[in-house]
Amino acid sequence: MPPRGPSTPPPATSARGNRGGMKAKAKAKMQTLRPAPAKRTCHKIPPPPGMPKVRKVGANRYGCPHEGCNKDYSRAYDVKHHYWDHVDDKLIWVCMECFGVYTRYDNALKHFKLVHNREALDEDILMIQCSADQIALWGL
Ligand SMILES: [Zn+2]
Ligand SMILES: [Zn+2]
């Protein structure tokens, strides 16, 4: 058994008669790069900290777990949104262009479009959780 050479050249592959293909490949890709559409903001409101589990009260109904509250919604998310009414902390939205403060996200969006003349992106509006005291300080 002869010892194997350390560098046996690989068998040369025939590359003849392939000119047509090369020409097609060389064709420059002139695909116009469209700018990505502005990312639409979709701020999900997080459930308040310490919120109990949403109660399922029907096939497609979700009840508020707060004692004495009988509200129910078709989406669990709406219950979480509603539950903020039961806690002292509130969510506010701050415009990062002018630091205007809004208690509703859609109002912050409207403000941004009107005043800053473009659709707000995720980074343009900051969501902050703050206490009732802070809310009072801001006079909201
Ligand atoms: Zn409730
Ligand atoms: Zn602003």
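This is a predicted model: local features need pLDDT of at least 70, side-chain atom pairs count only at pLDDT 80 or more; totals for chains, interfaces and linings use all residues.
1. Overall composition. The protein chain contains four helices and six strands. Read from the N terminus, these elements follow the order α-β-β-β-α-β-β-α-β-α.

2. Burial and contact range. The protein chain has 140 residues, of which 8% count as buried. Where contacts link residues at least 6 apart in sequence, 47% of them join residues at least 24 apart.

3. The three-stranded sheet. An open sheet is built from three strands in the order E1-E2-E3, with antiparallel pairing. E1 and strand E3 (72-73) are its edge strands, each pairing on one side only. In general, the strands of a sheet pair through backbone hydrogen bonds, and the arrangement may be parallel or antiparallel.

4. The E1-E2 pairing. E1 and strand E2 (residues 62-63) run antiparallel and are joined by two bridges. Within this part of the model, arginine 55 lies opposite glycine 63 in E2.

5. The annotated segment. The UniProt record, an unreviewed entry, places the feature "domain: C2H2-type" at residues 62-91. In the model, this stretch is 27% helix and 20% strand, and its end C-alpha atoms are 22 Å apart. The annotation comes from the record and may be inferred rather than shown by experiment.

6. Methionine 51. This residue belongs to the loop between helix H1 (19-26) and strand E1 (55-56).

7. Surroundings of methionine 51. Leaving aside residues up to four places away in sequence, methionine 51 touches Lys80 and Tyr83. Its C-alpha atom is separated by 9.0 Å from that of valine 87, although methionine 51 and valine 87 are 36 residues apart along the chain.

8. The largest nonpolar core. Six residues make up this core: Trp93, Ala108, Leu109, Phe112, Ala120 and Ile125. Helix H3 (residues 105-116) provides the largest share, three residues.

9. The second core. A separate core has five residues, among them Val54, Tyr62, Cys64 and Tyr83. Tyr83, a member of this second core, is also one of the residues that methionine 51 touches. In soluble globular proteins, nonpolar side chains tend to be buried together.

How values were computed: Residues are numbered from 1 along each chain as its sequence is written. Chains are lettered from A and ligands numbered from 1 in the order in which they are written. A residue is buried if 20 or more other C-beta atoms lie within 10 Å of its own, exposed if 12 or fewer, and partly exposed in between; C-beta atoms are placed from the backbone. Two residues are in contact if their C-beta atoms, placed from the backbone, lie within 7 Å. Two strands pair if DSSP finds at least two bridges between them. A nonpolar core is a set of buried Ala, Val, Leu, Ile, Met, Phe, Trp, Tyr and Cys residues joined through C-beta atoms within 7 Å.
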